[in-house]
Amino acid sequence: MRTPKLSTILLLAGIAALFFIPFLGWVHLFDWDEINFAECSREMLKLDDYTRIYVNFKPFWEKPPMFFWMQSLSMKIFGINEFAARFPNAVCGIVTLVVLYLCGTRLYERKFGILWALAFGGSLFPNMYFKSGIIDPWFNLFTFLGLYYFILYNWRKNKFDKEDVTKKPLYYAVWSGLFIGLAILTKGQVSLMVFLMVLGVYFIYNKFRFFFNGWHALIFLVIASLVTLTWYGYETAKNGPWFITEFLKYQYRLFTTHDAGQAGFWGYHYVVLLIGCFPASLFAIPAFFKARYNSRYEKDFKIWMILLFWVVTVLFTVVQSRIIHYSSLAWFPITFLAAYSFYKWDRKEMNYKKYVGILTTILGGLIAIVLLAVTLIALNIKQLIPYVHDTFAQANMAADVHWSGLEGIVGILMVVTIIVGIRQLNRHAYLKAAVTYFVGTGLVIFLAAAIIVPKVEKYSQAAAIEFFEQRQGEDCYVTTLGYWSYAPFFYTHKEKPVNQNSYKEEWLLTGDIDKPVYFVTKVDRVDGYKQYSSLKELYRKNGFVFLKREVPSK
């Protein structure tokens, strides 16, 4: 039996905390999702209603409440700010890396557990999302754990040769149901759908041999249902079925249509995973093929992970709404397979393929070029304005942002990581190469979050958000014209409207308003509102135009 070391767990948790917690509050939340979810949590606190989600003080039925409960608790502790909105995912990052270390140690040994944690924490999007305020990190972790415990159930039920899977099958079925229930409470029924589809494909792969007991399956469903009923049941009993019905309708629509701006080509998710899960995505490729297996359970777990990858990517290729984080559950199998490659190379149980190093060097080099180009472009951005033909983009580029040139150290670090990593691969120092690639990429993300992202944000949205922050405590209405944003709600700390007319744009523009109205629009859209003579332009900044309408004199 392989026992994880407590000292390793604490060290891993401490390193993860150092990577994920600093700089959480250095940059404003980004439209739409980050601000949308943070506003739901703020209004949850404001209204003291923890069962029904609201945004702009209207029912928001797109998501269940689990993540908003986490954010609300964080905001109670740290206040209404960016740090509090992102802190739950930093905690998720710490928990995820520890979980992967524990799972990897149970499957193989401590070395593999460390490799899996490194691969996940040292890949681009998996790392970056732990610094965000969106739902998916917790949803993915709960779904993975639900599947993981079902795999253990399968091994125990079917007498796999795994010495540390000794509990009764019912124990693993209960834990599996618990985590799937939590995943449903976090993002909806898609978790159960993915779970059942993976089981179905595995069932077919096993030539339709049953690998579960009917009573255990019933217990699984009962446990998952009891967890979800803490919200579905309570909300329905308290307020009737309308809110839950709308939520379920939205979930169905999400899988059958695409929202505006969310369509994409059929290979969208594969490209996103290839680039976004760098460098793990490239190191995972050899593990998709046959290898030398030392046990039945080793082969079986790899099969489960490959099936999870294909189910997620095919499912969300078929689904018409294509968003980056839809396929993010595939990060778990990708990072597992990357760790598997390094582990097998080190044990000389799988031949290293040079194409992996070549592809990693090419893609890593392109990423380094992009990072260096950001600094180079930023230092010369004013000279580039005449070559851009979009009015709003031109005004964005005119923002007064100081770049020293030292920001290029992020791209240089990526170059060093690639050079050192490929040399270690060529010398067959596979474990050193894994540390170089994953720690190096993690440091690149850490530095980019600290010195590049805050400056880039000043071009895109900072001017508008700073204006909204200045309206906090002022008795007024604040809204946008010509584009949609959740920022006016969160960053003005909007109070629940007394006058329901304030939801109507035309009333704010022409009606008998009872308090001043501030409008924010963009330079390429402001001309569409010239006919409203009561609007007074206050100023323009970085592509945004700030207008005000005073209360008409009686």
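Trainee: What does Tyr 171 count as at 34% relative accessibility?

Mentor: Before the answer, note that this is a predicted model: local features need pLDDT of at least 70, side-chain atom pairs count only at pLDDT 80 or more, and totals for chains, interfaces and linings use all residues. Residues are numbered from 1 along each chain as its sequence is written, and side-chain values use heavy atoms, with hydrogens and water left out. On the burial scale, buried means under 20% relative accessible area, exposed means over 50%, and partly exposed is in between (1.4 Å probe, protein chains only). With its 34%, Tyr 171 therefore counts as partly exposed.

Trainee: And what kind of aromatic pair do Tyr 171 and Tyr 172 form?

Mentor: Rings of Phe, Tyr and Trp (its six-membered ring) pair if their centres lie within 6.5 Å; planes under 30 degrees apart are stacked, over 60 edge-to-face, and the rest tilted. A search of the whole structure turns up 72 aromatic pairs. For Tyr 171 and Tyr 172, the centres are 5.2 Å apart and the planes stand at 85°, which makes the pair edge-to-face.

Trainee: Is Tyr 172 buried or exposed?

Mentor: Its relative accessibility is 1%. That puts Tyr 172 under the cut-off, so it counts as buried.

Trainee: How many residues apart are Phe 283 and Phe 438?

Mentor: Their ring centres are 6.3 Å apart with the planes at 70°, so this pair is edge-to-face. Helices (H or I, at least four residues) and strands (E, at least two) are DSSP runs, numbered from the N terminus. Phe 283 sits in helix α14 (residues 280-283) and Phe 438 in helix α21 (residues 430-451), so the pair links distant parts of the chain. The separation is 155 residues.

Trainee: Which residue has its charged end over the ring of Phe 392?

Mentor: A charge sits over a ring if NZ of Lys or CZ of Arg is within 6 Å of the ring centre and within 35 degrees of the ring normal. Lys 167 lies over the face of Tyr 171, at 5.5 Å from the ring centre. Over Phe 392, at 4.7 Å from the ring centre, sits the charged end of Lys 522.

Trainee: Which helix holds Thr 186?

Mentor: Thr 186 is buried, with a relative accessible area of 0%. Setting aside neighbours within four places in sequence, its contacts are Pro 64, Met 66, Ile 135, Trp 138, Phe 139 and Phe 142. The helix that holds Thr 186 is α8.

Trainee: Where is Phe 546 placed?

Mentor: At 0% relative accessibility, Phe 546 counts as buried. Among the residues it touches, not counting those up to four places away in sequence, are Ala 463, Ala 464, Phe 467 and Tyr 539. Phe 544 is in strand β6, and counts as buried at 4%. Phe 546 is placed in strand β6 (residues 544-549).

Trainee: How far apart in space are Phe 544 and Lys 494, C-alpha to C-alpha?

Mentor: Phe 544 touches Phe 392 and Lys 522, among others, not counting residues up to four places away in sequence. Lys 494, by contrast, is 50 residues from Phe 544 in sequence. In space, C-alpha to C-alpha, the two are separated by 21 Å.

Trainee: Zooming out, what radius of gyration does the chain have?

Mentor: The chain has 25 helices and six strands. The radius of gyration is taken over C-alpha atoms, and the globule rule is 2.2 Å times the number of residues to the power 0.38. For 554 residues the rule gives 24 Å, and the chain's value is close to that, so the chain is as compact as a globular protein of that length. Its radius of gyration is 25 Å.

Trainee: What share of the residues counts as buried?

Mentor: Residues 24 or more positions apart account for 77% of the contacts with a separation of 6 or more. Of the 554 residues of the chain, the buried share is 57%.

Definitions and conventions
Contact means heavy atoms within 4.5 Å.
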